[in-house]
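I opened my notebook for a look at the ligand site and the salt bridges. Here is what I looked up, entry by entry.

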Amino acid sequence: MPEHTEHVDLARNPDALTAKLLDLHPEVRERSADIRVVHAPGRVNLIGEHTDYNEGYVLPVAIDLGIAIALAPTDDGIVSLTLAENGDTQTFVAAAPGERRHTWIDYVAGMAFAFGEAGLPMRGFRGVLASDLPQGAGLSSSAALEVVGAWALSGGQAPAVDPMRLVHLVKRGENGYIGLNNGIMDQFASIFGEPGRALLLDCRSLDHRAIQLVGDDLALVACHSGSPRRLEASAYNERRSQCDAAVEAIAGLEPGVTALRAVTPAMLHAVRDRLSPLAVRRATHVVEEDQRVLDAIAAFEAGDLAEVGRLFYASHASLRDLYDVSSPELDTLVEIARATPGVIGARLTGAGFGGCTINLVHRDAVPALREAVLRDYPARTGLTPRVFEVAASAGARRIA
Ligand code: GLA
């Protein structure tokens, strides 16, 4: 975020974060040679929303906003981590993270839970954390914290597992410890991110490829609605069980179907009278959204930006009308963007229920979009938006 407060700079400045660690945890001074700084990014998703847990396609981009931890590994198995922003220190025993505390440390403790369950080695550490990734904005601050936590628990290096296995361990931490039944998109992006590229992931086969999407003349702009993302686990988990119910009903008629990914529009049409209207709406979104991801890849590769834009808006409309995860604020942001010349496409990104939109914009139109949002959005909603350009960036890594 472009706010220049101290903690914001620290997330990008390993030397300053290390100095903060020495300051806040002076006991590590004698082991300063062991200090490492690790970083994991947030993400935006270009298209393919609420498809990951239906074994479908997603197209996320790791962004240049994220979470950094400077740490000194220890052999006592104790994790003691301090927020640079306000000095809040949370502590737990890596081998026995216990129950959720309902604070930010849960996302690190959840990784200790998943690592412990999988029998993976872990180390304790003394650390300090800084973030420039807005929380509750739909930019995956949870996944970034889990992934950077996994690196910290691994002594400040890449966890000793295959990266795709790490993706599933993060999911296990979130599902089993935090209680959110989410899919694999966010942590996949945070782990596999590549500068300048988006990542196409098939959540069934786990095949993935990096896609060069955005030339220098295009920009990715996130617009924060200023209404925190109300990702009550309940509303998200409810969508997921509605999809499962739809699959069950379809499988009764189309044996062999185990996920909405396997459902074609023709199949859905054939069974729609036997499903509840709600199941039809949810399933229609997922089936069509999967196709939109594939169409968007084709359009990007053909340089057909008008078609990419059409798909973005269609995705947003489907999330609003069929999946019921938009909000009046997100709809307003999309409408303002759509009315701004030079904006190619706009849609909500992430789970929805508040948070951010992602906008694909001709670079020279970024100021006009910013101006339109800052002028019209407060007038229409009474809320203060934030507009920031994001760049496709590398996944989790050691930065010092
Ligand atoms: C959240 C979840 C993801 C995904 C998106 C919606 O970000 O963590 O797994 O389901 O919502 O696409």
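Before I start on accessibility, one cut-off: I call a residue buried under 20% relative accessible area, exposed over 50%, and partly exposed in between. I also keep in mind that this is a predicted model.

**Entry 1: a pair in a helix**

I began with Arg310, which makes a salt bridge with Glu307, and the closest N and O atoms are 3.0 Å apart. I then checked where the two sit: Arg310 and Glu307 are three residues apart in helix α10 (residues 305-321), so about one helical turn separates them. Arg310 has 46% relative accessibility and is therefore partly exposed. Glu307, at 22%, also counts as partly exposed.

**Entry 2: neighbours in a bridge**

Next I looked up Glu238 and Arg239, whose side chains meet in a salt bridge at 3.0 Å, N to O. Which of the two is buried? I found Arg239 to be buried, at 6% relative accessibility, whereas Glu238 is partly exposed with a relative accessible area of 41%.

I moved on to Arg126 and Glu27, whose side chains form a salt bridge of 3.8 Å, N to O. This pair joins distant parts of the chain, 99 residues apart: Arg126 belongs to strand β6 (residues 124-131), and Glu27 to the loop between α2 (14-24) and β1 (36-45). I noted Arg126 as buried, at 12% relative accessible area, and Glu27 as partly exposed, at 41%.

**Entry 3: the count and a network**

How many salt bridges does the structure hold? I get 21. I also found a network of them linking Glu49, Glu289, Arg292 and Arg347.

**Entry 4: the ligand**

Glu49 turned up again here, with a polar side-chain atom 2.7 Å from an oxygen atom of the ligand. I found an N or O atom in the side chain of Asn182 at 3.1 Å from a ligand oxygen. Gly183 brings a polar backbone atom to 3.0 Å from an oxygen of the ligand. How much of the ligand does the protein cover? I noted 98% of the 300 Å² of accessible area that the ligand has on its own.

I also listed the residues around the ligand, among them Arg43, His50, Tyr53, Met185 and Tyr236. I sorted the shell by type and got four nonpolar, four polar and four charged residues. As for where they come from, domain 1 (6-48 + 57-213) and domain 2 (218-390) each supply at least three residues of the shell.

How values were computed. Residues are numbered from 1 along each chain as its sequence is written. This is a predicted model: local features need pLDDT of at least 70, side-chain atom pairs count only at pLDDT 80 or more; totals for chains, interfaces and linings use all residues. Side-chain values use heavy atoms; hydrogens and water are left out. A residue is near a molecule or strand if one of its heavy atoms lies within 4 Å of it. A polar contact is a pair of N or O atoms within 3.5 Å; within protein, one must be able to donate a hydrogen and the other to accept it, and residues adjacent in sequence count only if both atoms are side-chain atoms. Accessible areas come from the Shrake-Rupley method with a 1.4 Å probe; for residues, only the protein chains shown count as cover. Ala, Val, Leu, Ile, Met, Phe, Trp, Tyr, Cys and Pro count as nonpolar, Asp, Glu, Lys and Arg as charged, and the others, Gly among them, as polar. Domain bounds come from an automatic or database domain assignment. A salt bridge is a side-chain nitrogen of Lys or Arg within 4 Å of a carboxyl oxygen of Asp or Glu. Helices (H or I, at least four residues) and strands (E, at least two) are DSSP runs, numbered from the N terminus. Buried means under 20% relative accessible area, exposed over 50%, partly exposed in between (1.4 Å probe, protein chains only).
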